[in-house]
Amino acid sequence: MASKPTLLSKTKIMRGYQCLKSIYLTIHHKELEPPVGPELQAIFDQGNIVGAEARKQFPNGILIDNPPWDFFGSLKRTRELLKEETDVIFEAAFEYKGCYARADIIVYSKDTKRWSIYEVKSTTKVKDEHLDDVGLQAWIMANAGLPIEKICIMHLNNECRYPNLKNLFTEVDVTDELRKQYNDIPPKLTEIFKTIRDESIPDIDIGPHCDSPNECPFKSHCWGEKNIPPNSVFNLPNVRDKKWDLYKEDILNLDDSRLTDLTPVQERAVSVYKSKKRFIDKDGVKNALASWKFPLVFLDFETINPAIPRYENTGPYQQVPFQFSAHIWESPDADLTHQEYLHIDASDPRPNLIPLLLNACQGDGNIVAYYSSFESRRIAELAEFSSEHRKSLEALIERFVDPLPLFREFVYDINFEGSFSLKTVAPSILGETQSYQGMIVADGSAAQRAFEEIINPETNEERRNELISASLEYCKKDTLVMVDLVKWLMNL
Ligand code: SF4
């Protein structure tokens, strides 16, 4: 029989809420769980930063700094602090019937002799999964004997603007809502404990629960077991939840005759798959390109969106450009020129970036950006930030054109596999030399992590220079790839 863990953390129990197979595998087949990647680690780090910021709002709190795996040490220290009627405790630990949870912040009222729980979330609103998570935690704490006055979720406040961080958090009192859920918790826990004591892996099929509320770390294992072909209904453009309806009917292959009720773009993907021939509507491309006007400026931003705002008048998660690359193509016969900017210190990147951006975007030709609404929104925000350059920046917005809809409407290659992202379209159309594989900075989130490292004074010079070169190379490649794609479209 599978061994029973002594205490089950709230994090693991939440896995069980999502999928019983997931909690079983995480306990008994840890070897199937891939290591935490840099992207997920960055999310965890961000959560820790938000947690530390929330603690600042409760001066004189005492932190139980035992490491996460030290269940019994944390419980012992918590008992000591509770006994001393400590006003504020961070990371207090509680246990009830094998379930273990740590509370971000608990505050004691000497008048009522009860405790208020504050659970910190890095989001800008309360989500359904937070109620499950905090509900379980409060249930464990209440049953462990903690008299609870109220339970609040503290999340980031969209209205907050740097440098005034006094209103960085919003508190939402969820006491009554959570108490109503208490009766639903024991049956769920019974099922979870029964599952993990079983000898065999629960027979649970893949489904929407594999991605909701969080992407399950066992996806490559479970989905691999299903032998889903590389080009399946899961790779239809914009297929969303319809793929699960098809999966339930055992319709997986794109040449299945039961595959009906598709959108025109999905129909096209199926017909390209069957014929193995790339689809191109040359007239469509030609008509769309007819209105594009030289000089063309191919523009790409890299942005940072910190949970805790750090630049003037920005809010939580607001995107701030710290880098751009612009390839300028004056006329069909002219050579390309290139301009770029990368901010490399902790100051606000915008004052330096804006004049250089305007210089790169001179003329009255079009500005080309892939998924251009992202770039034009950033420019609108830069215009709001800079009264000096507002008019010039606003004038850029109407000059944007976008190759993405042209690919979506008029081109389909079997290697798109349902995606029209630049990272998929470029190597499919231009060949693998236009792949981003092997680059130190190979996508937007890697660019953000590189930026954080570059501006960190603790980064050594050699590493910093390496990241600066890699960041410049990456952003430059994005615009160069765009140029090549547009040239490809023009040459059709
Ligand atoms: S991948 Fe899906 S089915 Fe497999 S354990 Fe995770 S949630 Fe469950």
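**A predicted model in questions**

Me: Which element gives the most residues to the shell around the ligand in this predicted model?
Reply: The shell includes C19, K21, S22 and L25. Two elements give two or more residues to it: α2 (20-28) and α8 (219-225). The one that gives the most, with three residues, is α2.

Me: How do the residues of the shell around the ligand divide into nonpolar, polar and charged?
Reply: Among the residues around the ligand are I204, I206, H209, C210 and F218. K219 and C222 also surround the ligand. The division is eight nonpolar, two polar and two charged.

Me: Are α11 and α15 roughly parallel or antiparallel to each other?
Reply: Helix α11 covers residues 282-290, and helix α15 covers residues 403-410. Their axes come within 9 Å and cross at roughly 160°. Angles over 145 degrees count as roughly antiparallel. So α11 and α15 are roughly antiparallel.

Me: Is the crossing of α11 and α15 left-handed or right-handed?
Reply: Two packed helices are described by the angle between their axes and the distance between the axes. The way α11 passes α15 is right-handed.

Me: Does F234 count as buried or partly exposed?
Reply: F234 is in the loop between α8 and α9 (242-248). A residue needs 20 or more C-beta neighbours within 10 Å to be buried, and 12 or fewer to be exposed. F234 has 17 inside 10 Å, so F234 counts as partly exposed.

Me: What distance does helix α18 reach from its first C-alpha to its last?
Reply: Helix α18 (residues 461-490) has 30 residues. At 1.5 Å a residue, 44 Å is expected. The helix comes close to that, reaching 43 Å.

Notes:
Residues are numbered from 1 along each chain as its sequence is written. This is a predicted model: local features need pLDDT of at least 70, side-chain atom pairs count only at pLDDT 80 or more; totals for chains, interfaces and linings use all residues. Helices (H or I, at least four residues) and strands (E, at least two) are DSSP runs, numbered from the N terminus. The expected span of a helix is 1.5 Å times one less than its number of residues. A residue is near a molecule or strand if its C-beta atom, placed from the backbone, lies within 6 Å of it. Ala, Val, Leu, Ile, Met, Phe, Trp, Tyr, Cys and Pro count as nonpolar, Asp, Glu, Lys and Arg as charged, and the others, Gly among them, as polar. Axes are lines fitted to C-alpha atoms, for helices over the stretch in contact, and angles run from 0 to 180 degrees between N-to-C directions. Angles under 35 degrees count as roughly parallel, over 145 as roughly antiparallel, 65 to 115 as roughly perpendicular and the rest as oblique. A crossing is left-handed if the near helix is turned anticlockwise from the far one by less than a right angle, and right-handed if clockwise.
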